[in-house]
Amino acid sequence: MRTLILFLLLLAGIYFVRRVFVRTSDRLRKRQSRPAGGERMVACAHCGVHVPESEALIVDGIGYCSPEHQRLHRDGHA
Ligand SMILES: [Zn+2]
């Protein structure tokens, strides 16, 4: 009986460690997909909000937070 309890505890331990390990490696993978040393921020030309370069919309060297603001900014200057 004691052996069975030890076996179940071992299984639970393996399950727990694996879950933590999978979650940690997943987080590391996400962090590695971004450039080292922090991402460059781009200011939206329409509202001034700073967004990461990878999420910003850059048209003709001007950054925008969203396609909507790119359109509004372009229309405002037309
Ligand atoms: Zn904006």
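Student: What should I know before I start, and how are residues numbered?
Tutor: Numbering runs from 1 along each chain, as its sequence is written. This is a predicted model, so to speak of local features we need pLDDT of at least 70, side-chain atom pairs count only at pLDDT 80 or more, and totals for chains, interfaces and linings use all residues.

Student: How many helices and strands does the chain have?
Tutor: Both are DSSP runs numbered from the N terminus: helices are H or I over at least four residues, strands are E over at least two. Here you get 2 helices and 4 strands, in the order α-β-β-β-β-α along the sequence.

Student: How do I read burial, and what share of the chain is buried?
Tutor: Count the other C-beta atoms within 10 Å of a residue's own, with C-beta atoms placed from the backbone: 20 or more is buried, 12 or fewer is exposed, and in between is partly exposed. In this chain of 78 residues, 8% are buried.

Student: Why does Val-42 count as buried?
Tutor: Because 20 other C-beta atoms lie within 10 Å of Val-42. Val-42 sits in strand S1, residues 41-43.

Student: And which residues does Val-42 touch?
Tutor: Two residues are in contact if their C-beta atoms, again placed from the backbone, lie within 7 Å. Setting aside residues up to four places away in sequence, Val-42 touches His-50, Val-51, Glu-53, Ala-56, Ile-58 and Gly-63. Across the chain, 10% of contacts between residues at least 6 apart in sequence join residues at least 24 apart.

Student: Where is His-46, then?
Tutor: His-46 is in the loop between S1 and strand S2 (50-52). It is partly exposed, because 19 other C-beta atoms lie within 10 Å. Beyond its neighbours within four places in sequence, His-46 contacts Tyr-64, His-69, Leu-72 and His-73.

Student: Is Gly-48 buried or exposed?
Tutor: Gly-48 counts as exposed because it has 9 C-beta neighbours inside 10 Å. Gly-48 is also in the loop between S1 and S2. Its C-alpha atom is 9.5 Å from that of Gly-63, 15 residues apart along the chain.

Student: What about phi angles?
Tutor: Most residues other than glycine have a negative phi. Asp-60 isn't a glycine, yet its phi is positive, at about 55°. Look for Asp-60 in the loop between strand S3 (57-59) and strand S4 (62-64). Asp-60 is exposed, because it has 6 C-beta neighbours inside 10 Å.
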